[in-house]
Amino acid sequence: MAALRMLVVCLLGSLLCQVWISAEPHTEEELHPRALYPWRHQGKGMVRVKRDWIIPPIRVLENSKQVPEDLVQIKSDKIFTGVVIYKLEGPGVDQDPKNLFEIDDKMGIIRSKRPLDREKYNSFTLKAFALSPSGERLENPTTIEIVVLDQNDNRPAFTQSQFVGSVAEFSVPGTSVMSVSASDADDPMTENAYLSFSIIGQESFPANAVTKTMFGINNETGAIYTRDVGLDREVVKSFRLKLQIADMGGMGLTSEGVAIIHVTDINNHIPQFNPASYSMTAEENRKDYDIGRVNMTDRDDPGNGNWEAKYSVTNDPEGNFAIRTDPSTNQGVLRVVKSLDFEAQREYILTLTVENVNPLSSKAPNLPVSTATVVVTVMNENEAPHFREDPIQIEVPESVVPGTVLKSNIAFDPDYSDLRYEISKDPERWLDINEDTGDIRARRTFNMRSPHVKHNIYTAVIKVTDAEGVSTSATVLITLKETNDYPPQLFPLSGSVCQDASRTGSGLVLSAVDEDLAPQAAPFTFEMPFDLSINWTVVQMNDTHAMLHPLVELEAGEYAVTVMVSDSGSPVLSAYSQVNVTVCSCDSFGDCKSEAGAILGSSVGISFIALIIIMACIALLLLLLLLAVAVTTCGRRHHLKKGTGLLVGESEDDIRDNVFNYDEQGGGEEDENAFNIDLLWNPHDMPSTPGSYYPGVPRGKQPLRKDAPHNLPSPIYPRRPPADPTDIEDYINDGLEAADNDPNVPPYDTALIYDYEGEGSLAGSLSSIASGSSDGDQDYDYLNNWGPRFQKLANMYDPR
């Protein structure tokens, strides 16, 4: 009977309880029905046992309503020797959660005080103590483990209130759609948390579009899949499935959920034009503008690539048109991208095709691509004339012959109207244009040194106008090619050379200047005429310089050496120049020792002397002009006789009677005998060949010019005297310019001898200068107040 009671206590503590019972004979205390002896051990005066008690976990069912409930009783071996007090510590007793368990301190019975919740605390580990009345520990503490057994007290629940998924239309049975999930708070190791999924309802949108069961679910994993064929998005848009979850393998507690499944579109419908023919108009000579729209229909779902259209023009080889898709309406927008010409083509028949952005599904019916026809009519308008090229490119030599046709057939009118041409910009007036044909001709030769020529290009503008007044302009770019128009000019034309230059190899360095540009200029070639190269030679140094030096040692003095310089143009142009060379004795630095020779032999000295001579001539001319003006003004002031004046040819006295011939240039203001006023000497009365006689100069002693070569033709001098006395200044200037450029006249620093012109001289005399008044009415007494310089003049007009 005692053994049976122990077995019941063990079964209440654990289904797997194992009790080790000593092989020694049991006492009555050991066989107490609800008592355990965890502290029994070998001791003095006590019966020895083979093993101690092994206390199994104590299992307690959750949510028990029989509380307080005795769970187990423990006893110490010390109960046979005295009073024992039992204590219990740990979670559920004196630690959180508190007051779940207690122990009878005298009997050692452990009880549960309240129902337990496994979902909060599934086990407790406690420690039991055996104490003496004085609080002394009689035994080592013993661990008591209490396990809370699960009850199916929690319903399973879906993890979402609504599951959403999608499946493509026309999916085959078995296609995975989506998965749903659920949870259960009960012990997952028991049947209480063994879940099972199921579909308990199906609803289609639109309602009743599909009545057969289209979906299934895996009861263990919650995976939803298709069960049948017939998912057509054009028929049904979506499904609403009612789901159920149950624990204990479907036999326990249940909950419900919802799954929404959308049927997605596939591109199983080709787009179709509606209508299939269109008529549109386009403007001539206009581009980049829309001319119309075309429509299409597609049964696929709007707003995605299965519905979005892609248009194209199949028969437009010139690329005049383009078509794009309006994303909001899916219409095709036809556009002109190049200017159309009514005269070239008045009508275009275009073929359009339409496809979807996404490729067509293999489940779509095999139908041809939809096409549409668009007839585009071009509207005519009056067009401006067109230049065949703009800018108009012309390339000519700068020395083009005037009248040469430079360009023809430069423009046309698309409307076949008559054209009128004109030049609207030609700063140098180099061009002529035929107003009817448009032929551009050279009006005169060009000049590359013009400020309007930039980088060898001259720019003009031509305007053309049709019969209705519509005009257009084009730029003319004339590229000028350099021609050989100017011979090179040698410089310097004077210099000095040491007497020992023939031995030292030194000489005068020469160069040349050419107004032409490359390749008509340098390299230059320097040569000497054969008959003049006995004592001198010229040696080429490089492309632009040469050295002139004597072949023999010459005496000190001045020498005129003729040098020819040629350019490299085509044809080659050459020029002869006379170089005035001063041969002198030089110091160690190569400079002439004679100061006079240095001045006369250097180019700088010659230029300075020439400048002084020119300034003196100008001062003399100004003095004469001022004298004439002053005399005329004074005569008018005294109200002399009308029709007569100072130095007028009608004077009673011939002033030329007082002109005397001099063999020397002297006299001046200090001359007491005569006054020479005939300053206009005629250069053509002088000899023009070397060695000729100059009046007043002994033969063979005439000087040589240092700034110009000899044996060259003289320029044409003005031969006819001015008809109007006011032209005397221009006449004098023309004569001076011709004399300055005459290579056969004496040099600047030579005293010129002037002779009496003689009767019938074309040059006339200063006595021919007319005055605004007649000398008969003039009073010349004021000339006596002008000083000794005008005394002779005052005596000539003395009324006495």
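Predicted model: local features only at pLDDT ≥ 70, side-chain atom pairs only at ≥ 80, totals over all residues.

Me: What makes the pair of F101 and F124 edge-to-face?

Reply: Two values decide that. The ring centres of F101 and F124 are 5.0 Å apart and their planes stand at 75°. Centres within 6.5 Å make a pair, and planes over 60 degrees apart count as edge-to-face, so F101 and F124 get that label. F101 is in strand β5 (residues 101-103) and F124 in strand β7 (residues 123-131), so the pair ties together parts 23 residues apart in sequence. Both residues are buried.

Me: How do you know that the charged end of R286 sits over the ring of Y289?

Reply: The charged end of R286 is 4.2 Å from the centre of the Y289 ring. The distance cut-off is 6 Å, and the charge must also be within 35 degrees of the ring normal. The contact is listed as a charge over a ring.

Me: Why is the contact between D290 and R335 called a salt bridge?

Reply: The closest N and O atoms of D290 and R335 are 2.8 Å apart. The rule asks for a side-chain nitrogen of Lys or Arg within 4 Å of a carboxyl oxygen of Asp or Glu, so the pair qualifies. D290 belongs to strand β20 (residues 289-294) and R335 to strand β24 (residues 332-336), so the bridge ties together parts 45 residues apart in sequence.

Me: Are D290 and R335 buried, exposed or partly exposed?

Reply: D290 has a relative accessible area of 37%, and R335 has 27%. Partly exposed covers the range between under 20% (buried) and over 50% (exposed), so D290 is partly exposed and so is R335.

Me: What makes D104 and R111 a salt bridge?

Reply: Their closest N and O atoms are 3.8 Å apart, and the limit is 4 Å. D104 itself is partly exposed, at a relative accessible area of 21%. By this rule, the salt bridges come to 15.

Me: Where in the chain are R449 and E398, which also form a salt bridge?

Reply: The closest N and O atoms of R449 and E398 are 3.4 Å apart. R449 is in the loop between β33 (440-442) and β34 (453-454), while E398 is in the loop between β28 (392-397) and β29 (405-407). This pair links distant parts of the chain, 51 residues apart.

Me: Why is E398 called buried, and what is R449 called?

Reply: E398 has a relative accessible area of 1%; buried means under 20%, so E398 is buried. R449 comes to 31% relative accessibility, so R449 counts as partly exposed.

Me: Which residues do salt bridges that share partners join into one network?

Reply: That network is made of R233, E234, D265 and D301.

Me: How do you know that E203 and S238 touch, and is each of them buried or partly exposed?

Reply: Leaving aside neighbours within four places in sequence, E203 is in contact with S238, F239 and R240. Contact means heavy atoms within 4.5 Å. E203 is in strand β13 (residues 196-205), and S238 is in strand β16 (residues 238-246). At 38% relative accessible area, E203 is partly exposed, whereas S238, at 9%, is buried. Beyond E203, the residues that S238 touches include S204, F205 and I261.

Me: What makes L625 a member of a nonpolar surface patch?

Reply: L625 has 33% relative accessibility and counts as partly exposed. Patch members need over 30%, no salt bridge, and nonpolar side chains joined within 5 Å. L625 is grouped with I614, I618 and L622, and together they have about 330 Å² of accessible area. L625 lies in helix α4 (residues 603-637).

Me: How many helices and strands does the chain have, and what share of residues is buried?

Reply: The protein chain has 6 helices and 44 strands. Of its 800 residues, 39% count as buried. Among contacts with a separation of 6 or more, 67% join residues 24 or more positions apart. The chain exposes about 44900 Å², with carbon and sulfur atoms supplying 52% of it.

Definitions and conventions
Residues numbered from 1 in each chain as written. Heavy atoms only, no water. Patch = residues over 30% accessible without salt bridge, like charges linked within 9 Å, V, L, I, M, F, W, Y side chains within 5 Å. Areas by Shrake-Rupley, 256 points an atom, 1.4 Å probe, with all protein chains shown as cover. Helix = DSSP H or I, 4+ residues; strand = E, 2+ residues; numbered from the N terminus. Buried < 20%, exposed > 50% of the residue type's maximum accessible area, 1.4 Å probe, protein only. Phe/Tyr/Trp six-rings, centres within 6.5 Å; stacked < 30°, edge-to-face > 60°.
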